[in-house]
Amino acid sequence: MNWHSDPGNPSSATPSARQSPPASPSPQGPPAPPRPRPGLWKRCLWGGIALWLLTAIVTYTTRNSNLLPTLILLGSFLVPAVFVLWAYERHGRDLGATAILGCFLTGGILGVLGASVVESYLLHPSLWMFLGVGLIEEAVKLLALMFVLRRHPGIHGMRAGLVLGATVGFGFAAFESAGYAFNAAVTMKGIDLRALLETEVLRGVLAPFGHGLWTAIAGGVLLSYRKPNGRFRLAAPVIGTYVGVAVLHSLWDSMHGIAIWLVAEITDTGLRRELFAQGYIVAPTDEQQHLFTVFSVGGMVVITLVALAWLRSLAHRARDTGAKGRQGARIHTP
């Protein structure tokens, strides 16, 4: 084969002349991680409820105790996980899945363990016990949030704090609810499936208005004062917010006793302090039962409305700051 070119025959040109070498491919970055489709939290909610109901029916029908862990985990984690997924879809996609999962799992576990250790050493039965519970649990959740974000110095600002604070709070609530469900199921007479289901339903309904809400408020203020280099500032607003959410937490936990005390004050039973300490009314009248329901439920509603109004004001502040060039609400995921 003749590889020499013939000036009169273009087809006889050398391969290098006929065909230029292919251009080198341009460098490409790593593929973007897949994003969940919008509305995934709704599908997880309804699918999770269906699976929980199916597990409850099968457990009740077969009396198979091996299904109890599945029932406890589904019922305890469903609502907290769905709310975290909703927050991630709506407000936290740029934070990254690593930070979200770390706050939910690591933050939740560290919060539960820290609260259990500290409360066992510092708390004793008294009228001020619930205030101690609120101060301790809100402190350990914030410390857990700071621990998880120690390797993410670029994550700061009100919006990031609201999302990640709520995530730590919901993780705490999920693991705590699992413990309550287990204690309700295990009795001296065997497994009480009805008590387990009632506990999971009650705590699932109340989950959005408890730990996740309180820690979102505290986390939002904490990260809004975080320095650009990643150091946390315990400024006066941060301390004040922590004390405020701890008080809301303690009022929520003690509302049962407060309602009993109010009933005793109104009905003049003469057993005010004793009733508050015992936690129940001996042989209550119909009027006392009605008043107790009004005070206990009404008190929790008032506490929730105060916390929601507080959270709403912080969210508006984050939105207004974001409209002004996102100063103070900068989020960077390394």
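Glu 176 counts as buried, at 16% relative accessibility. That makes a handy way into this predicted model, since Glu 176 also pairs up with Arg 203 in a salt bridge, 2.9 Å from N to O. Here's a quick tour of the fold, the charged pairs, the nonpolar cores and a couple of residues worth a look.

**The overall picture**

- The chain holds twelve helices and two strands.
- Reading from the N terminus, the order of elements is α-α-α-α-α-α-β-β-α-α-α-α-α-α.
- The chain has 334 residues, and 40% of them count as buried.
- Take the contacts with a separation of 6 or more: 74% of these come from residues 24 or more positions apart.

**Salt bridges**

- Side chains of opposite charge can pair when their charged atoms come close.
- Searching the whole structure turns up four salt bridges.
- One of them joins the side chains of Arg 159 and Asp 94, at 2.9 Å from N to O. Arg 159 sits in helix α6 (residues 158-185) and Asp 94 in the loop between α3 and α4, so this pair ties together parts that are 65 residues apart in sequence. Asp 94 is partly exposed, with a relative accessible area of 37%.
- Back to Arg 203 and Glu 176, whose side chains meet at 2.9 Å, N to O. Arg 203 belongs to helix α7 (residues 193-206) and Glu 176 to helix α6, so the bridge ties together parts 27 residues apart in sequence. Arg 203 is partly exposed, at a relative accessible area of 25%, whereas Glu 176 is buried.
- Arg 194 also has a partner: Arg 194 bridges to Glu 198, with the closest N and O atoms 3.1 Å apart. Both residues lie in helix α7, four residues apart, or about one turn of the helix. Arg 194 is exposed, with a relative accessible area of 63%, while Glu 198 is partly exposed, at 46%.

**Nonpolar cores**

- In soluble globular proteins, nonpolar side chains tend to be buried together.
- The largest nonpolar core has 42 residues, and the ones that touch the most other members are Leu 95, Ile 100, Cys 103, Leu 145, Leu 149, Ile 155 and Leu 164.
- Two or more residues of this core come from each of α3, α4, α5 (129-148), α6, α8 (211-224), α9 (236-253) and α12 (286-323). The top contributor is α6, with nine residues.
- Another core lies apart from that one; it has ten residues, including Trp 52, Ile 72, Ala 185 and Leu 196.

- Glu 119 is in helix α4 (residues 97-122). Glu 119 is buried yet has no salt bridge; the nearest side chain of opposite charge is Lys 141, 9.7 Å away.
- What does Glu 119 touch, leaving aside residues up to four places away in sequence? The list is Val 133, Ile 136 and Glu 137.
- Arg 63 is found in the loop between α2 (40-62) and α3 (68-91), and counts as exposed at 57% relative accessibility.
- Arg 63 and Ile 191 are 128 residues apart in sequence, but their C-alpha atoms are 9.5 Å apart in space.

Methods:
Residues are numbered from 1 along each chain as its sequence is written. This is a predicted model: local features need pLDDT of at least 70, side-chain atom pairs count only at pLDDT 80 or more; totals for chains, interfaces and linings use all residues. Side-chain values use heavy atoms; hydrogens and water are left out. Buried means under 20% relative accessible area, exposed over 50%, partly exposed in between (1.4 Å probe, protein chains only). Lys and Arg count as positive and Asp and Glu as negative; His and the chain ends are not counted. Contact means heavy atoms within 4.5 Å. A nonpolar core is a set of buried Ala, Val, Leu, Ile, Met, Phe, Trp, Tyr and Cys residues joined through side-chain atoms within 4.5 Å.
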